[in-house]
Amino acid sequence: MPEITASFQGQTVITTFEVTPGTAHDLMEALEEAYASFIRHQPGFLGAGLHMNDARTRIANYSQWQRREDYQAMLRSPEMRERNRMIGQLSRSFEPVMYEVQAVF
């Protein structure tokens with residue numbers, strides 16, 4: 001499980017997915033399966049959380065990695081490239097953005 005602390009020195013990635021209520025649960029299942037069987041086993045993976053809004057129109061994914069390069073290597077893997085093609089079909093759009101923790105309250 002991710003832990004948000006101001007002293008965290010790794011890479012935080014927040015990905016937002018725009019979906020329809022008809023595809024929201026399908027995408028959530030695909031993301032859960034990707035984490036369970038592939039992503040969490042990749043070098044440098046520390047933890048992640050998946051969130052869905054009440055309207056089932058947005059999914060947010062918060063993940064932490066030891067290094068930026070670990071996250072990028074996972075994305076470039078053939079397995080994740082194939083999974084992202086499917087994820088792209090289930091969502092209107094998705095955008096991963098890398099962040100650094102600045103403050104925690």
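The legends below describe close-up views of a predicted model.

**Figure 1. The largest pocket and its lining.** The largest pocket holds about 190 Å³ of space. Its lining comprises 17 residues, of which T15, N61, Y71, L75 and M80 are the closest to the pocket centre. Two or more lining residues come from each of β1 (11–18), α1 (24–37), β3 (58–65), α2, α3 and β4 (93–99). By class, the lining consists of 13 nonpolar and four polar residues, with no charged residues.

**Figure 2. Helix α1 and its buried side.** The end C-alpha atoms of α1 are 20 Å apart, which agrees with the 20 Å that its 14 residues should span at 1.5 Å a residue. The buried residues shown in α1 are A24, L27, M28, A30, L31, A34 and Y35. Because these residues cover an arc of only 160° around the axis, they sit on the same side of α1. In an α-helix there are 3.6 residues a turn, so residues three or four places apart point the same way.

Figure 3. With 13 residues, α3 reaches 19 Å from its first C-alpha to its last, close to the 18 Å expected at 1.5 Å a residue. M80, R83, N84, I87 and L90 are the buried residues of this helix. Viewed down the axis of α3, the buried residues fall within an arc of 110°, and therefore line one face of the helix. The exposed residues P78 and Q89 are carried on the face of α3 turned away from its buried side.

**Figure 4. L27 of helix α1 and I87 of helix α3.** L27 is found in helix α1, and I87 is among the buried residues of α3. The relative accessible area of L27 is 0%, so this residue counts as buried. Although L27 and I87 are 60 residues apart in sequence, their C-alpha atoms are 6.7 Å apart in space.

**Figure 5. S77 in the loop between α2 and α3.** S77 is placed in the loop between α2 (68–76) and α3 (78–90). Its relative accessible area is 14%; because buried means under 20%, S77 is classed as buried. A polar atom of the S77 side chain lies 2.8 Å from the backbone oxygen of M74.

Figure 6. Q64 lies in strand β3 and has a relative accessible area of 3%, so it is buried. Two partners of the Q64 side chain are shown, namely E3 and Y62. The side chain of Q64 reaches the backbone oxygen of E3 at 3.1 Å. Between the side chains of Q64 and Y62 there is a polar contact at 3.4 Å.

Figure 7. R56 is found in the loop between β2 (45–52) and β3. The phi of R56 is positive, at about 60°, although this residue is not a glycine. Most residues other than glycine have a negative phi.

Definitions and conventions. Residues are numbered from 1 along each chain as its sequence is written. This is a predicted model: local features need pLDDT of at least 70, side-chain atom pairs count only at pLDDT 80 or more; totals for chains, interfaces and linings use all residues. Side-chain values use heavy atoms; hydrogens and water are left out. Helices (H or I, at least four residues) and strands (E, at least two) are DSSP runs, numbered from the N terminus. Buried means under 20% relative accessible area, exposed over 50%, partly exposed in between (1.4 Å probe, protein chains only). A polar contact is a pair of N or O atoms within 3.5 Å; within protein, one must be able to donate a hydrogen and the other to accept it, and residues adjacent in sequence count only if both atoms are side-chain atoms. On a 1 Å grid over the protein atoms alone, a cavity is a set of points where a 1.4 Å probe fits but cannot get out, and a pocket is an open set with protein on both sides within 12 Å along at least five of seven lines; lining residues have an atom within 4 Å of a point. Grid points are joined across faces, edges and corners, and a volume is the space filled by probe spheres set on the points. Ala, Val, Leu, Ile, Met, Phe, Trp, Tyr, Cys and Pro count as nonpolar, Asp, Glu, Lys and Arg as charged, and the others, Gly among them, as polar. The expected span of a helix is 1.5 Å times one less than its number of residues. The arc is that of the directions from the helix axis to the C-beta atoms.
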